[in-house]
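Hi,

Here's the structure I promised to pass on.

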Protein chains: 2
Amino acid sequence: MKRAEIITIGDEILIGQIVDTNSAWMASQLNAINVKVEQITSISDTPDHLVSALNDARKRADVVLITGGLGPTKDDRTKKVLCEYFDSKMVLHQATLDHIVDFFRMRNMPVIGQLNHDQAMVPDNCQVLFNPQGTAPGMWFEQNETIFVSMPGVPYEMKDIMSLHVLPRLAKINGAGAIYHKTVLTIGIPESKLAEKLDEWEDALPENIHLAYLPNPGQIRLRFSAFGQSEADLAEQVNQQIEKLMLIIPDAIFGYNDDTLAGVVGKLLLLKQKTLATAESCTGGFVAHSITSEPGSSRWFKGSIVAYANEAKVNILGVDQQLIDDYGAVSEQVVCQMALGARNALDAEYAVATSGIAGPDGGTDEKPVGMVWVAVATPEGVFAQKFSFTRNRERNIIRASQMALDMLRLELLKK
Amino acid sequence: MKRAEIITIGDEILIGQIVDTNSAWMASQLNAINVKVEQITSISDTPDHLVSALNDARKRADVVLITGGLGPTKDDRTKKVLCEYFDSKMVLHQATLDHIVDFFRMRNMPVIGQLNHDQAMVPDNCQVLFNPQGTAPGMWFEQNETIFVSMPGVPYEMKDIMSLHVLPRLAKINGAGAIYHKTVLTIGIPESKLAEKLDEWEDALPENIHLAYLPNPGQIRLRFSAFGQSEADLAEQVNQQIEKLMLIIPDAIFGYNDDTLAGVVGKLLLLKQKTLATAESCTGGFVAHSITSEPGSSRWFKGSIVAYANEAKVNILGVDQQLIDDYGAVSEQVVCQMALGARNALDAEYAVATSGIAGPDGGTDEKPVGMVWVAVATPEGVFAQKFSFTRNRERNIIRASQMALDMLRLELLKK
């Protein structure tokens with residue numbers, strides 16, 4: 001199996017201004033074609049550091065993928081360093097220049113400038129990788145059995161170059177040996193509790209199956225990695241273990257791999273030919289956003305009333321003002337009326353509603369920051385549950401949204 | 001100035017199952033106390049790789065920060081490797097054990113298990129760093145002038161340990177030399193266009209000021225890094241350059257550093273004592289989520305109608321069914337009525353509305369995927385603008401949401 005390393009270039013990662021999402025995507029794609037990523041390294045945009053990182057990486061890896069430092073602006077020095085590193089000289093690549101001219105013409109943008117023209121210059125010993133969504137091409141070098149690929153750091157441009165050129169070539173080059181990964185997605189059980197529950201089962205796992213706990217807010221993903229010769233055999237072996245797992249934590253498992261909670265809920269609703277509406281206070285639209293991030297969600301999602309102001313709860317959702325006065329907006333009584341009101345106003349069979357103190361301010365002794373009520377309205381009625389989350393606004397919004405979808409999921413599974 | 005390296009441990013990063021947000025946060029915090037991050041390295045959870053990464057990092061850096069591999073579950077081996085690496089032996093840390101017992105008692109969770117008990121064992125030559133939000137403590141080692149700190153990988157636990165212990169100690173240790181960073185946030189001008197506009201100004205920047213272009217979907221951030229002796233002098237020098245920049249791109253600059261578009265819009269509304277409502281179709285709640293992610297947004301945000309189904313546009317927003325029949329839901333006519341309807345239904349002075357084809361499916365020749373109408377309703381009337389984005393659903397949702405907030409921002413600045 002080929003071993004790869006990823007090098008990302010740019011001070012913006014080292015000073016923490018951007019998160020390195022590129023590497024995560026590249027790693028997942030390489031993994032899928034049995035190329036093992038040994039290390040991911042972020043370095044600054046200085047020639048010396050790039051040269052030493054290239055020298056280190058080629059000692060360990062067969063393939064070195066480099067991103068960043070190829071944009072049209074002046075902070076990009078990568079191409080010149082690579083040109084020198086591979087003992088080449090810069091030449092004009094006509095097809096790239098033609099593409100750049102077309103690129104601007106199609107967007108009705110003014111005549112090409114010098115900065116974009118420079119992007120059509122490439123080292124003469126690289127293979128140019130066409131970049132359909134941008135102006136800086138990818139570059140493929142081979143030297144002493146090692147492959148080096150340089151790509152722009154703009155995520156969608158890099159992804160296109162990887163998908164169109166790099167991954168198909170590497171898949172062809174890559175030889176024997178199989179890895180199989182499968183991830184089981186769980187919700188509602190904290191990590192240490194889950195580990196205790198799974199202790200005995202985990203101890204009995206075959207030696208060629210590794211298990212990792214990957215926590216997300218409110219979720220724990222269990223990643224199986226199986227090593228062997230045949231992917232089909234490995235898949236069967238892992239699935240047998242998952243069957244045992246399902247007997248231990250039947251309710252907590254909501255999906256696999258790239259499944260999302262909203263996607264799973266959507267499938268259940270489509271199966272029943274029912275629709276959903278939401279009424280959101282503390283989650284402020286995040287439940288609706290989680291749902292509408294799913295392509296095709298318009299088939300089962302009617303909409304959401306983000307009733308941030310109390311008057312919206314009364315006027316649009318039909319919540320009784322007296323209930324707000326008596327119990328407060330964050331209460332079982334109000335959240336249940338919100339769910340019923342959303343179902344009614346948006347003409348759906350099911351609805352979920354949230355009302356809570358997201359924080360960081362606004363809590364009281366009786367209703368502290370992190371306290372959230374979630375309600376689910378069904379064709380038969382309505383019920384609610386209270387949660388106590390954290391002092392962190394962002395996490396409270398995410399977790400409350402997840403719990404709303406999970407309560408609905410469990411309800412939809414019942415009958 | 002001290003130099004640091006960050007090592008993150010865990011296969012989950014190398015197979016691309018999680019994005020390394022920890023390193024970005026740590027880097028930004030280190031940067032703020034003048035500690036320069038030279039490299040960020042992600043490695044697998046194997047003893048050999050950790051030892052070699054530690055050996056490499058100490059050659060370049062004064063401080064090595066390690067995250068990951070300290071959870072209660074079985075895939076964590078880090079602590080044992082560190083214990084061996086620093087020639088120590090494991091001892092029980094009573095204060096940590098007491099904390100773990102309290103931690104579970106306060107959460108009404110059952111009696112502590114062996115897995116959590118093991119978390120109170122630490123190498124005898126480290127200083128234990130208290131972890132208020134979790135059960136695995138941080139560990140501070142010093143060996144031959146190099147500082148090594150190991151922390152759990154759970155983001156909020158790591159952040160607490162960094163903020164409470166690591167950053168204050170490092171700030172004290174760190175000596176002379178000043179860096180000053182400031183980031184100017186721009187929206188609405190593509191990178192290569194912006195670079196051409198700024199060309200002359202950029203060429204005239206003083207030598208000690210570096211500029212980097214950091215693209216986000218729909219936004220370009222311009223990061224100034226200035227190097228010298230006095231932070232106050234550097235700040236003044238950078239601000240003088242920003243004043244010149246504002247003359248070149250006055251409309252495009254919406255904020256600085258950690259400002260958000262929603263936060264900037266909120267400040268403008270508070271200044272005018274006006275409120276906002278939104279009506280969302282293709283953005284599906286993301287405008288509302290961007291707004292309600294801002295603490296205190298309830299002072300200026302009334303709520304949102306996510307009118308995904310056309311019937312919700314008619315019934316709740318009062319859009320004329322005839323207009324939908326004549327022009328389609330994705331049209332100037334409908335999006336304007338949506339904005340007016342939201343302003344009315346939610347009793348706000350301003351409203352924004354979105355209607356478009358987010359994709360990946362659902363486009364036609366006349367209305368392709370990526371086409372989005374955005375409307376802004378003001379106390380005086382309503383206006384709309386059409387955008388052509390990409391084929392990517394996620395990016396279309398983000399960019400349409402940003403354009404809605406930016407159109408409102410420019411309108412609020414007018415008078």
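Predicted model: local features only at pLDDT ≥ 70, side-chain atom pairs only at ≥ 80, totals over all residues.

Let's start with chain A. It has 15 helices and 17 strands, and its C-alpha atoms fill a box of roughly 80 × 60 × 40 Å along the principal axes. Of its 415 residues, 49% count as buried. If you take the contacts in chain A with a separation of 6 or more, 66% of them are between residues 24 or more positions apart.

Now zoom in on two helices of chain A: α2(A), residues 21-32, and α7(A), residues 155-173. Their axes come within 11 Å and cross at roughly 20 degrees. Angles under 35 degrees count as roughly parallel, so that is what we call α2(A) and α7(A). The crossing is right-handed. On the α2(A) side, look for T21(A), N22(A), W25(A), M26(A) and Q29(A); they meet P155(A), M158(A), K159(A), M162(A) and L167(A) in α7(A). Sorted by class, that contact has six nonpolar, three polar and one charged residues.

Then there's the place where the two chains touch: 75 residues of chain A are in contact with 76 residues of chain B. The chain A side of this has 36 nonpolar, 24 polar and 15 charged residues.

Which strands are joined across the two chains? Strand β2 of chain A and strand β2 of chain B, residues 36-43 in each, run antiparallel and are joined by five bridges. To find one of them on screen, go to I43(A), whose bridge partner in β2(B) is Q39(B).

Cheers

Notes
Residues numbered from 1 in each chain as written. Chains lettered and ligands numbered in written order. Contact = placed C-beta atoms within 7 Å. Nonpolar A, V, L, I, M, F, W, Y, C, P; charged D, E, K, R; others polar. Pairing = 2+ DSSP bridges. Helix = DSSP H or I, 4+ residues; strand = E, 2+ residues; numbered from the N terminus. Axes fitted to C-alpha atoms, helices over the stretch in contact; angles between N-to-C directions. Parallel < 35°, antiparallel > 145°, perpendicular 65-115°, else oblique. Left-handed = near helix turned anticlockwise from the far one by under 90°. Buried ≥ 20, exposed ≤ 12 C-beta atoms within 10 Å, placed from the backbone.
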